[in-house]
Amino acid sequence: MIENVNHPKHYNIPGRKECIVEMIEKFGTEAVEIFCILNAYKYRYRFEQKNGQEDLQKAEWYDNFASLMRKNSDQARISGQGVKVRTLVALGFIRTSRRT
């Protein structure tokens with residue numbers, strides 16, 4: 001996938017964590033999962049009218065991230081721990097150049 005899909009510059013402010021990581025920390029995995037599901041729908045809805053293939057790639061990214069949030073929410077309920085940043089890094093969802 002292209003850089004605009006995986007790590008858009010406008011969601012990576014120098015000296016801060018990626019926006020999606022801050023969202024997880026502030027709102028929790030369940031809220032971010034719902035956000036991702038809705039964003040995926042939005043990108044599929046508009047893809048023919050706006051950014052074509054890039055929007056479909058973004059929808060796929062959000063679907064995959066929602067799935068990860070669901071999996072981590074289930075594990076968190078079992079283990080009492082939340083989503084781990086290193087898991088997101090290992091799967092290529094986020095980068096570690098920001099403070100973690």
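This briefing covers the helices, the nonpolar core and the aromatic pairs of the chain above.

The model is predicted: local features need pLDDT of at least 70, side-chain atom pairs count only at pLDDT 80 or more, and totals for chains, interfaces and linings use all residues. Residues are numbered from 1 along each chain as its sequence is written, and side-chain values use heavy atoms, with hydrogens and water left out. The chain has 5 helices and 0 strands, in the order α-α-α-α-α. Helices (H or I, at least four residues) and strands (E, at least two) are DSSP runs, numbered from the N terminus.

**Overall figures**

- Of the 100 residues in the chain, 37% are buried; buried means under 20% relative accessible area, exposed over 50%, and partly exposed in between (1.4 Å probe, protein chains only).
- Among the contacts with a separation of 6 or more, 58% join residues 24 or more positions apart; contact means heavy atoms within 4.5 Å.

**Helices α2 and α3**

- Helix α2 spans residues 19-27 and helix α3 residues 29-46; their axes come within 7 Å and cross at roughly 130°.
- Axes are lines fitted to C-alpha atoms, for helices over the stretch in contact, and angles run from 0 to 180 degrees between N-to-C directions.
- From α2, Ile 20, Met 23, Ile 24 and Phe 27 meet Thr 29, Ala 31, Val 32, Phe 35 and Cys 36 of α3.
- The residues of this contact are 8 nonpolar, 1 polar and no charged; Ala, Val, Leu, Ile, Met, Phe, Trp, Tyr, Cys and Pro count as nonpolar, Asp, Glu, Lys and Arg as charged, and the others, Gly among them, as polar.

**Nonpolar core**

- The largest nonpolar core has 16 residues, and those with the most contacts inside it are Ile 20, Val 32, Cys 36, Tyr 62, Phe 65 and Met 69.
- Such a core is a set of buried Ala, Val, Leu, Ile, Met, Phe, Trp, Tyr and Cys residues joined through side-chain atoms within 4.5 Å.
- Two or more residues of this core come from each of α2, α3 and α4 (53-79), and α4 gives the largest share, 7 residues.
- Cys 36 touches Ile 20, Tyr 62, Phe 65 and Ala 66, leaving out residues up to four places away in sequence.

**Aromatic pairs**

- Rings of Phe, Tyr and Trp (its six-membered ring) pair if their centres lie within 6.5 Å; planes under 30 degrees apart count as stacked, over 60 as edge-to-face and the rest as tilted.
- By this rule there are 5 aromatic pairs.
- Tyr 43 and Tyr 62 are stacked, because their ring centres are 5.9 Å apart and their planes lie at 15°.
- Tyr 43 is in helix α3 and Tyr 62 in helix α4, so this pair ties together parts 19 residues apart in sequence.
- Tyr 43 is buried at 8% relative accessibility, and Tyr 62 is buried at 11%.
- One aromatic cluster is formed by Phe 35, Tyr 43, Trp 61, Tyr 62 and Phe 65.

- Ala 59 lies in helix α4 and counts as buried at 0% relative accessibility.
- Apart from neighbours within four places in sequence, Ala 59 contacts Ala 40, Tyr 43 and Arg 44.
- Glu 33 lies in helix α3 and counts as buried at 12% relative accessibility.
- Leaving out residues up to four places away in sequence, Glu 33 touches Ala 66, Met 69 and Arg 70.
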